[in-house]
Amino acid sequence: MSGTIFDISKSGRSAKAQMPKGVNEKHNIPKNYLRKDKPLLPEVSELQVVRHYTNLSRKNFSIDTQFYPLGSCTMKYNPRGVHRLAFLEGFLNHHPLSLDENSQGFMACAYELQEILKVVTGMRGVSLTPMAGAQGEFAGVAMIRAYHELRGDTLRDEIIVPDAAHGTNPATAAQCGYKVIEIPTGPDGNVDIEALRKIAGPKTAGIMLTNPSTLGVFDQNIQEIAKTIHSVGGLLYYDGANLNAILGKVRPGDMGFDVMHINLHKTFATPHGGGGPGGGPVAVSERLVPFLPTPIVGKTETGFRWLTKEQCPQSIGRLSAFMGNAGIILRAYMYARLLGQEGMIRIAEYATLNANYLLTKLRKAGFTPAYPKRLASHEFIITLKNEARDLHINALDVAKRLLDYGFHAPTMYFPLLVPECLLIEPTETESKEVLDAFADTMIKILEEAKTNPELLKNAPHHLPVRRLDEVKAARELDLVYNPQLPSDV
Amino acid sequence: MTNIPKKLFYSATHEWVRKDEDVLTIGITDHAQTMLGDLVYVELPEPETGFETGQECAVIESVKAAADIYCPISGEIVEVNEELLQNPQVINQDPYGKGWLFRLRPFENDFTNKLLNADQYTKQVASEAH
């Protein structure tokens, strides 16, 4: 592991050519606010900076360099053409406070994306404003609350969440002031419908479901679930995390859902990772349309215009200064337009085909699927509980060994209810050759587990760092770098 | 094989209960600590707080997951194992001994019929490994 850039710092060395001009100009900052000591910055040449960060970047593990089957996260390829279009000058230099008549191009794209999302979700209204999936969830449950409250139905204080849910679901429900009621999953991966019937009642504000679920299976009782919740006056929230699995095949609106968020990075291939920027549009059924967060793009005879609280008085309001992350909205729109209706269906078909192909290969090679009787949707789970028992090899060891072979590890130990699990999502953008290579490597690792388990126990062997001490990292978190500059020593 | 001592009582949510005179000592089972993996953080209840049966009363966090601890029997907390705050891995090393979480004075005396015995808990653990 190479050192930090401070390790090559030398007092007095700098790259003046790159310095911003005008920094010494007169300013009005009061003297007591000016710093007295030199800021702690590395003193390095331009070439040293370039070399240091280029070398660091070469240690990156990314979708541009390697297969990244991180289940539940959908690490799929982001087409370059879409980035190029979002970088058109008219978009890039457009100010969010421009007048409506000077914003028609961007607003047209946003309006059309709203319309496209309505069609693919089977919903009646869409707002693009949530800045990411988590904010979309918050907006969605806030709308559920607004709906009940407007009807004077204020005794509903429970949101039902399956035990297989993304952690954000119970967190969102709690954030919106609801009590979280957990329901179990049956051995087939479906929600336990009997348990649901017992729990659903006059206190139920709604249920939050991901379908296909985080277990990688489509809940076959979805209509029954919708009927149960609606019959007690609750609403259904669809966590759109796995929408890519069903795009163009079945629509949340038709399944009976009332509100959902869409993770644009997962389904519409906007950039993902590094903490954003994100996009988490919400889509709603007829009865929740008045509550959509603003701004929304409306269409009039004279062109597109912003709809705000003035036009939508029952809206839950704004979630940020402007409407979402403009660049992400544009990319999602262009991706949708590039694919067209027929292409969208292909996303779901290839995501599902790739997952089932890989699942079948791994099953035949001796791995244990968590739900052997079920077809996979876009992702699937294998459990290494037998390997853990017989070979004393756990999911972490296999994940770390995969890194040695140049594959990103799948999601591990999630969902929590499957012991020693790996959640594998190949996505629709991978070729058969890549899937074959991954399967071959998994088979090889299983063989190593039998013949030379130490290879797995001590993996990774070929990365810049070896096995990390996770307990120490969690217990003694140290994020502040406070260097002693070599020149000071 | 997971260790399930015969003389303890268990909850379906993987807490164990031991009766010491009029106070109950509570911890998490060997099975639970194995499933969670290396523990890194423990949040314990305040002494003198009362909890209902099944109410969340503590939180433990491992490198893999965070989990709520449910009060197996309603009662008032009389003592918590402060050593865990500094060194949560004691639970991994000795779940039935030094890794105890808290002691409580139960609100009702006849609690054993609400808990599982070792055989019942063993069956439950086996059925969970589907």
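Student: What makes chain A as compact as a globular protein of its length?
Tutor: We set its radius of gyration, taken over C-alpha atoms, against the globule rule, 2.2 Å times the number of residues to the power 0.38. For 489 residues the rule gives 23 Å, and chain A comes to 26 Å, which is close, so chain A is as compact as a globular protein of that length. Its C-alpha atoms fill a box of roughly 75 × 70 × 45 Å along the principal axes.

Student: What should I keep in mind about a predicted model, and how do the numbers and letters work?
Tutor: Local features need pLDDT of at least 70, side-chain atom pairs count only at pLDDT 80 or more, and totals for chains, interfaces and linings use all residues. Residues are numbered from 1 along each chain as its sequence is written, while chains are lettered from A and ligands numbered from 1 in the order in which they are written.

Student: What is the order of the strands in the open sheet of chain A?
Tutor: Its seven strands are ordered β1-β7-β6-β5-β4-β2-β3, with mixed pairing.

Student: Why do we say that β1 and β3 of chain A stand at the edges?
Tutor: Each of them, β1 (125–127) and β3 (179–183), has a single partner strand, so one side of each is left without a neighbour in the sheet. Neighbouring strands here are turned by 20 degrees against each other on average, direction ignored.

Student: How do you know that β4 and β5 of chain A pair?
Tutor: Two strands pair if DSSP finds at least two bridges between them. β4 (204–209) and β5 (235–239) of chain A have four bridges, in the parallel sense, so by that cut-off they are a pair. Within it, Gly206(A) stands opposite Leu235(A).

Student: Which residues is Tyr237(A) in contact with?
Tutor: Contact is a matter of C-beta atoms, placed from the backbone, lying within 7 Å of each other. Leaving aside neighbours within four places in sequence, the contacts of Tyr237(A) include Gly140(A), Gly206(A), Met208(A) and Val259(A).

Student: Why is Glu420(A) called buried?
Tutor: A residue is buried if 20 or more other C-beta atoms lie within 10 Å of its own, exposed if 12 or fewer, and partly exposed in between. Glu420(A) has 23, so it is buried. Across chain A, 42% of residues count as buried.

Student: And why is Glu48(B) called exposed?
Tutor: It has 8 such atoms, so it falls in the exposed class.

Student: Which peptide bonds are cis?
Tutor: Among them are the bond from Thr294(A) to Pro295(A), with omega near 0 degrees, and the bond from Phe414(A) to Pro415(A), with omega near -5 degrees. Pro415(A) is in the loop between β12 (411–412) and β13 (421–424) of chain A.

Student: What makes a set of residues a nonpolar core?
Tutor: A core consists of buried Ala, Val, Leu, Ile, Met, Phe, Trp, Tyr and Cys residues joined through C-beta atoms within 7 Å. The largest core has 123 residues, and Tyr237(A) and Val259(A) are among those with the most contacts inside it. Helix α11 (326–364) of chain A gives the most to this core, with 17 residues.

Notes. Helices (H or I, at least four residues) and strands (E, at least two) are DSSP runs, numbered from the N terminus. Axes are lines fitted to C-alpha atoms, for helices over the stretch in contact, and angles run from 0 to 180 degrees between N-to-C directions. Two residues are in contact if their C-beta atoms, placed from the backbone, lie within 7 Å.
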